[in-house]
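Thanks, everyone. Please have a look at the model on the screen, and then I'll walk through a few spots.

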Amino acid sequence: MLKLVLMMARKHTFLFVIFLLGSSGLIIFSFLGNWDGGVFKELDADDTPIDSMQESYFKTVQYHVLDKGEPLFMLDAYELTLNSTIGKTFFFKPKGFAFTGKGQRVDYSGERGVYDQKKEILTLEKDTSVRLPDTDATSDKMIYEVAEDRIHLIGTVKTKTFYVEEGDWIYLDADEAFFWTEARRSSYLGNVSGEIKRKRVYEDSLSFKSNELYLNMNDLKADLNHDVFMKKQNLTATSRRGEIYLENYNKKLKYFALYDDVKVVEKVMLDGKFINRKAFSEKLEGVPSESKIILTGYPKVYQLNDVIKGNKIVLRENTEVVEVDDANTKFKVE
């Protein structure tokens, strides 16, 4: 009997020691340990219970979103997953349209996408396309902020805008672009290149490049900034800043203008052979209706061995004639 009592006492002592060691370990870990959350670390920080996660899956579905009873946007998708917990809807091969606050329709498509119901943001990725009332565009990624009426295109952006009044097409490529559909404004950033093609085939196109371009279809004007380049027929010009006035092509007004460190190279026929005529100035104005380029701001023209200076110099397209306005004297150099 005594032996049995001693064995029980030893057992209790052993368990008590194990308890003390375990408790001490937990206390030490609470001060020094750093638990990363384990399998729960991916959960949202709003402490949403796991059993409240609601997710629905659909295949070949048509999805509608209403705002105060009015249609906000609609899409067809090959696959759709609706997660009511995080308020997001995921799509595969979405294609549909949305409406702006003023009821303008915006068509879009992509390989995959997600709609954030709380933020009212639609994001599409891979081979995305969007069609606005006067513009078609494609890109690698599209972010449509519905409440802000702003579309953000990212990666390999290619657009074409139709200028209805003149029937011209404006083609623009860039690294990224922003569109404000109701305001009829857009901006292009990074490696911007473009071309304006006139409706009449006998009228010259204008090609251009820059790092930034802002297009306002209300004012019918494009502003170019940083490393500006323009090309029209045999004339190329560079500068720091530029403007294009879309409605002035057939008017006796400047159609495009360049500012700051303007450099011009033009190929002209002289004595039966082509030469490169070079010019420098602070400002250039192009007037296609009169086939002339106006240089002001300390202009200089280099033609063969001649250096021509004046207050204002006019270059006529496809001719070696140079018109110089030097203070009170006007003359031509041929």
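Contact here means heavy atoms within 4.5 Å. With that, and not counting residues up to four places away in sequence, serine 210 touches Asn191, Val192, Leu224, Asn225, His226, Asp227 and Val228.

A word on the source. This is a predicted model, where local features need pLDDT of at least 70, side-chain atom pairs count only at pLDDT 80 or more, and totals for chains, interfaces and linings use all residues. Numbering starts from 1 along each chain as its sequence is written, and side-chain values use heavy atoms, with hydrogens and water left out.

Back to serine 210. It sits in strand β12, residues 206–216; strands are DSSP runs of E, at least two residues, numbered from the N terminus. Is serine 210 buried or exposed? Buried, because its relative accessibility is 3%; the cut-offs are under 20% for buried, over 50% for exposed, partly exposed in between, with a 1.4 Å probe and protein chains only. A polar atom of the serine 210 side chain lies 2.8 Å from the backbone oxygen of glutamate 212.

Next, strand β17, residues 292–296. Of its 5 residues, 4 are buried. Strands pair if DSSP finds at least two bridges between them. β17 pairs antiparallel with β16, residues 273–287, over 5 bridges. Lysine 292 in β17 is the bridge partner of valine 287. The two strands form a hairpin with 4 residues between them, and serine 291 in the turn has a positive phi of about 50°. β17 also runs antiparallel to β20, residues 312–316, joined by 5 bridges. There, threonine 296 has lysine 312 as its bridge partner.

Last, valine 307. It is found in strand β19, residues 306–309. Valine 307 is partly exposed, because its relative accessible area is 46%.

Key:
Polar contact = N/O pair within 3.5 Å; in protein donor to acceptor, adjacent residues only side chain to side chain.
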